[in-house]
Amino acid sequence: MTTQLSTRSGVVLDVRPARETDEAALAAFFDSVTDEDRRFRFLAAAAHVSHEQLAPLVSADHFRSESYLAFDAGNGQLVGSALLACDTAMDTGEIAVSVRRDYKGRGVGWALLDFLGSKAQARNLRRVIAIESRHNHAAIELEREKGFTPEPFEGDPTLVVLSRTFR
């Protein structure tokens, strides 16, 4: 099922769950994000995202985890990736968003963050979290503007957890 979203800059996105047949497109997508954004998303430095890293994104269980792809409705290009992965208690969901480098600053991240929030609420999650590198200032600021609260990541001072509570 495809959902249409509009960004604050007027980009219209067609968002749908990822499928196993999307692996090559998703690999190409992650080649089109900045090296820094790829490192922040996977918390590892690599020139390319591996099959092992992509597999969970294209074979989600559609209940506890869902990976979404955002396409520019005007040209059909993949411009964003968004993930919601819930714990077994269905209490907390971890989210992650990546945006293609030439679409940054156009509201794609904002729209996908709101979209993930609505999906989390539909699953009746209590909260969502994002685990970020302390150096990922853009994501931390975006999430704070969206109502997320930063907390220390226990055991790793290089990371921060940002959380948003719904109930």
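This is a predicted model: local features need pLDDT of at least 70, side-chain atom pairs count only at pLDDT 80 or more; totals for chains, interfaces and linings use all residues.
View 1. Helices here are DSSP runs of H or I with at least four residues, numbered from the N terminus. Residues are numbered from 1 along each chain as its sequence is written. Local features need pLDDT of at least 70, side-chain atom pairs count only at pLDDT 80 or more, and side-chain values use heavy atoms, with hydrogens and water left out.

**View 2. Crossing of α4 and α5.** The axes of α4 (residues 108–122) and α5 (residues 137–145), which are lines fitted to C-alpha atoms over the stretch in contact, with angles running from 0 to 180 degrees between N-to-C directions, come within 11 Å and cross at roughly 50°. The contact (heavy atoms within 4.5 Å) is made by Gly-109, Trp-110 and Leu-113 of α4 and by Leu-142, Glu-143 and Glu-145 of α5.

**View 3. The residue Asn-124.** Just after α4, Asn-124 takes a positive phi of about 60°.

**View 4. Asp-35 in helix α2.** Asp-35 lies in α2 (residues 35–42) and, at 55% relative accessibility, counts as exposed (over 50%). Asp-35 and Ala-46 are eleven residues apart in sequence, and their C-alpha atoms are 7.9 Å apart in space.

Notes: Helices (H or I, at least four residues) and strands (E, at least two) are DSSP runs, numbered from the N terminus. Buried means under 20% relative accessible area, exposed over 50%, partly exposed in between (1.4 Å probe, protein chains only).
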